[in-house]
Structures are given as C-alpha cells and as structure tokens.
Amino acid sequence: MSNNILKGKKGIIFGALNENSIAWKVAELCHAEGAQIVLTNAPVAAKIGQTEELAKALNAPLIFADVTKMEDLENLVAGATEALGGPLDFVLHSVGMSLNVRKKNPYTDSNYDYMHQTLDISAMSFHRLMQTLIKKDAMNEWGSIVALSYIAAQRTFPDYGEMADAKSLLESFARSFGYHYGKKKHVRVNTISQSPTKTTAGSGVGGFDAFFNYADKMSPLGNASADACAEYCVSLFSDYTRMVTMQNLFHDGGFSFTGISTDLMDGFRDAAGE
Ligand SMILES: NC(=O)c1ccc[n+]([C@@H]2O[C@H](COP(=O)([O-])OP(=O)(O)OC[C@H]3O[C@@H](n4cnc5c(N)ncnc54)[C@H](O)[C@@H]3O)[C@@H](O)[C@H]2O)c1
C-alpha cells in the first residue's frame with residue numbers, strides 16, 4: 001500500500017546488490033512511495049550482483065561508482081542530478097565491507113592495508129559523498145541523508161572486528177557533517193542502527209546465524225527486517241521528520257535498551273537446573 005509520501009522527491013540509493021540487500025528494499029519502497037531514484041553500486045556489482053535488474057524493474061538510471069574514488073562520486077552526483085532533472089531530496093548510503101573480517105583475520109592481528117580499505121569504503125566514503133554533495137550544491141533545502149550503521153559502534157561484538165570502528169567513524173561523520181549541512185542548507189544527516197539482517201554483507205560476519213537468533217530473542221519486538229528498515233528510511237526521507245538530524249537512530253526491535261530478556265533467561269534457568 002502506498003501513501004505517496006515521497007511524491008515529487010528525487011534521490012540516490014547506494015548499495016542494492018541483490019534482493020536481500022537492505023538498499024534493494026529501500027529502493028522498491030521509495031519508488032512505490034512516488035520518488036524518482038538513481039541507483040548506484042560498485043562497478044564490480046555489475047558482475048556479482050543484480051543491481052541492473054532492479055534498475056530495469058524500477059525504471060531507474062544506474063550509475064556505477066566506487067565510493068573510494070572522488071572522481072566516481074563527482075560523476076555520480078552530476079549524472080544523477082542531470083538524469084533526475086534537478087537537485088536531490090534524499091540519499092541512502094548503504095555500503096560496507098571489511099577485508100579483515102572477510103579474510104577471518106583476528107582483530108588483534110589485523111592487516112593495516114585491509115583496515116585502511118575498510119575504513120575508506122565503509123566510513124570515509126560517507127564524508128566523501130557529503131563533501132561532493134555540498135560542493136556541487138546538489139541537495140534541496142530540507143533534504144535528508146541516511147547511512148546504515150550497527151550497534152557495534154557503541155558496544156563490543158567480537159566477531160564484528162574492525163567494522164565496529166568503521167561504524168563509530170560513520171556515526172561521527174553524521175554528527176559532524178550534519179551540523180555543517182544543517183547550518184548551510186537545512187539538510188539533515190542521520191544514521192540508522194539496524195538489527196542483524198540476512199544479507200551478503202551481514203552473512204560475512206563470523207557466527208552470523210547464531211548471533212541473529214540471539215538478537216531476535218533479546219529484542220522485545222524481535223529483529224527488525226530489511227522491509228521494516230526500508231519503511232524507517234522512507235519516513236526519514238519524508239517531510240514528517242524534518243527536525244531530526246545528527247542522530248544515530250536505533251532500529252532494532254528494542255535490542256539496544258534491553259539488559260536481558262525472559263526468553264534468554266529461560267535458557268539460562270534451564271542450564272542452571274532451576
Ligand atoms: N546485514 C546486517 O546485519 C546489517 C546490520 C546493520 C547495518 N548494516 C549495514 O547496512 C549496509 C548495507 O549492507 P547489507 O546488509 O544490505 O549488505 P549488502 O552486501 O547487500 O550491501 C553492501 C553494499 O556495499 C556495496 N559496496 C561494497 N564496496 C563498495 C564500493 N567500494 N563502492 C560502492 N559500493 C560498495 C556492495 O556492492 C553492496 O551493494 C552496510 O553499511 C551494512 O554495514 C547491515
């Protein structure tokens with residue numbers, strides 16, 4: 001069911017690799033809610049993903065860009081504003097990758113070339129993107145920029161490795177850049193801290209399935225799905241959240257503020273023979 005709450009709005013969506021991607025669901029819902037979108041992904045996604053299929057289905061231009069390359073982002077922003085016929089109202093940064101996690105390097109034995117790339121792809125890209133947008137004056141007044149984060153930015157989850165550090169930096173960029181973009185153009189910048197979600201990036205984290213089940217049992221509402229995340233993104237792109245900026249917004253079914261759940265306690269009671 002569509003309420004057309006993004007009618008007339010234009011945006012760029014990063015990171016829709018396949019139908020499990022959070023960005024895939026966001027793109028579909030933005031389209032259904034009346035927005036015009038441009039899709040983007042890393043050039044390698046043309047070989048390993050289905051971004052082109054989504055672009056066809058949504059009749060959305062697709063412009064490949066590697067987020068570590070300034071030139072690619074400049075081409076993307078110029079190409080998107082041209083294709084959409086004007087400045088943007090929203091942007092979703094849904095990009096993350098860790099080479100040390102992927103290669104299963106222990107956190108205490110990290111390869112620094114890999115760590116550098118992880119921080120570059122997963123966090124500095126967000127600053128680079130916003131710097132490109134602000135320099136090209138590519139956002140409309142009261143526009144909305146959202147990046148996806150994870151609670152390992154605040155609390156330690158050992159298997160999440162250096163991605164925790166990347167997410168801390170990502171959230172910090174949202175606050176710091178959000179101040180400047182708010183002052184300059186009333187553009188709001190937020191991160192959504194999403195529940196574990198079964199996607200290509202998510203499943204790359206060691207012990208993901210066990211962790212997914214743990215988070216689901218810990219959260220009073222259960223894990224938030226990718227579809228629910230898309231709904232939250234759309235609300236942040238809409239005019240109903242115009243005064244929300246510089247926030248890290250937990251979208252996790254209550255996980256972040258739960259100390260222990262009865263479901264998990266029952267398991268410990270059983271183990272203790274109570
Ligand atoms: N899946 C989860 O459990 C979970 C939880 C919280 C936050 N997130 C975050 O959500 C975001 C989206 O991830 P997802 O779970 O949908 O997985 P995904 O694998 O579908 O998406 C990650 C995307 O990043 C893109 N990417 C990687 N390197 C790139 C580069 N150099 N240039 C451009 N794009 C590049 C990939 O092509 C892919 O489309 C990430 O920031 C991730 O950290 C995921």
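**Close-up views of a predicted chain**

**View 1. Isoleucine 12 has valine 91 as its bridge partner in strand E3.** The model is a predicted one, in which local features need pLDDT of at least 70 and side-chain atom pairs count only at pLDDT 80 or more, whereas totals for chains, interfaces and linings use all residues. Residue numbers start from 1 along each chain, following its sequence as written. Strand E1 (residues 10-14) and strand E3 (residues 88-93) pair in the parallel sense over three bridges. Pairing requires that DSSP finds at least two bridges between two strands. Helices (H or I, at least four residues) and strands (E, at least two) are DSSP runs, numbered from the N terminus.

**View 2. Strand E1 is mostly covered.** Five of the five residues of E1 are buried. A residue is buried if 20 or more other C-beta atoms lie within 10 Å of its own, exposed if 12 or fewer, and partly exposed in between, with C-beta atoms placed from the backbone. Lys10, Ile12 and Phe14 point one way from E1, and Gly11 and Ile13 point the other way.

**View 3. E1 also pairs in the parallel sense with strand E2 (residues 36-40).** This pairing runs over five bridges. Leucine 39 in E2 is the bridge partner of isoleucine 13. From E1 the chain crosses through helix H1 (residues 22-32) to E2, in a right-handed β-α-β crossover. Right-handed here means that, with the strands pointing away from the viewer, the path from the first strand over the helix to the second runs clockwise.

**View 4. The ligand is surrounded by 26 residues.** The closest are Ser21, Gly96, Thr199, Ala201 and Gly202. A residue is near the molecule if its C-beta atom, placed from the backbone, lies within 6 Å of it. H1, strand E4 (139-149) and helix H8 (200-203) are the elements that give two or more residues to this shell. The largest share, three residues, comes from H8. By type, the shell holds 13 nonpolar residues, 12 polar and one charged. Ala, Val, Leu, Ile, Met, Phe, Trp, Tyr, Cys and Pro count as nonpolar, Asp, Glu, Lys and Arg as charged, and the others, Gly among them, as polar.

**View 5. Tryptophan 142 and methionine 246 have positive phi values.** Most residues other than glycine have a negative phi. Tryptophan 142 lies in strand E4, with phi near 65 degrees. Tryptophan 142 is partly exposed, since 13 other C-beta atoms lie within 10 Å. Methionine 246, in the loop between helix H10 (226-237) and strand E6 (248-251), has phi near 65 degrees. Methionine 246 is partly exposed as well, with 17 C-beta neighbours inside 10 Å.

**View 6. Aspartate 263 belongs to helix H11 (residues 262-272).** Aspartate 263 counts as partly exposed because 13 other C-beta atoms lie within 10 Å.

**Setting of the views.** The chain contains 11 helices and six strands, and buried residues make up 43% of its 274 residues. The average pLDDT, the predictor's confidence in each residue from 0 to 100, is 96, and 100% of the residues score at least 70. Confidence is lowest in H8, with a mean of 86, and highest in strand E5 (residues 188-194), at 99. Along its principal axes the C-alpha trace spans about 65 × 45 × 40 Å.
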